[in-house]
Amino acid sequence: MCLGIPGRVVEILDGYHNQIALVDVQGEKRKVNIGLLEDDPARPGDWVIIHMGFVLEKTDEAGAAAALSGLRMLGSGEEP
């Protein structure tokens, strides 16, 4: 299992063979690589899961909220 951070694609950046996107992660904009999503490319508005600067998968708003909730729980040190 890996820790994935949810974010929402804001824009695909010019250059880099369309593999770099600007993603909003809790109000912070980050450049991430979307090249692993060859079969179903990310587009502005898509929710994604990021690990180590790479988007591993697309998700929906509910999946992003669940991932964020899990990260908050891990950070709190509380038992589920």
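Reply: A patch is made of residues with over 30% relative accessible area and no salt bridge, with nonpolar side chains (Val, Leu, Ile, Met, Phe, Trp, Tyr) joined within 5 Å and like charges within 9 Å. A salt bridge is a side-chain nitrogen of Lys or Arg within 4 Å of a carboxyl oxygen of Asp or Glu. The model is predicted: local features need pLDDT of at least 70 and side-chain atom pairs pLDDT 80 or more, while totals for chains, interfaces and linings use all residues. Residues are numbered from 1 along each chain as its sequence is written, and side-chain values use heavy atoms, without hydrogens and water.

Me: Which residues form a nonpolar patch on the surface here?

Reply: The patch consists of L36, M52, F54 and L56. Together they have about 430 Å² of accessible area, by the Shrake-Rupley method with a 1.4 Å probe and only the protein chains shown as cover. One of these residues, M52, sits in the loop between β4 and β5 (54–59).

Me: Why does M52 count as exposed?

Reply: Exposed means over 50% relative accessible area, buried under 20%, and partly exposed in between (1.4 Å probe, protein chains only). M52 counts as exposed because its relative accessibility is 71%. L74, a residue of helix α1 (residues 61–76), is also exposed, because its value is 53%. Between L74 and A64 there are 15 Å, C-alpha to C-alpha, for a separation of ten residues in sequence.

Me: Is N33 buried or exposed?

Reply: N33 belongs to strand β3 (residues 28–33) and is buried, because its relative accessibility is 17%. Setting aside residues up to four places away in sequence, N33 touches Q19, I20, G53, F54 and V55; contact means heavy atoms within 4.5 Å.

Me: Where does P41 lie, and what is it in contact with?

Reply: P41 is in the loop between β3 and β4. P41 is partly exposed, because its relative accessible area is 36%. Beyond its neighbours within four places in sequence, P41 is in contact with D46 and K58. From P41 to R72, 31 residues apart in sequence, the C-alpha distance is 28 Å.

Me: In which sense does strand β1 pair with β4 and with β2?

Reply: Strands (E, at least two residues) and helices (H or I, at least four) are DSSP runs numbered from the N terminus, and two strands pair if DSSP finds at least two bridges between them. Strand β1 (residues 5–12) pairs with strand β4 (residues 47–51) in the antiparallel sense over four bridges; there, P6 has I49 as its bridge partner. The pairing of β1 with strand β2 (residues 20–25) is antiparallel over four bridges, and E11 stands opposite L22 in β2.
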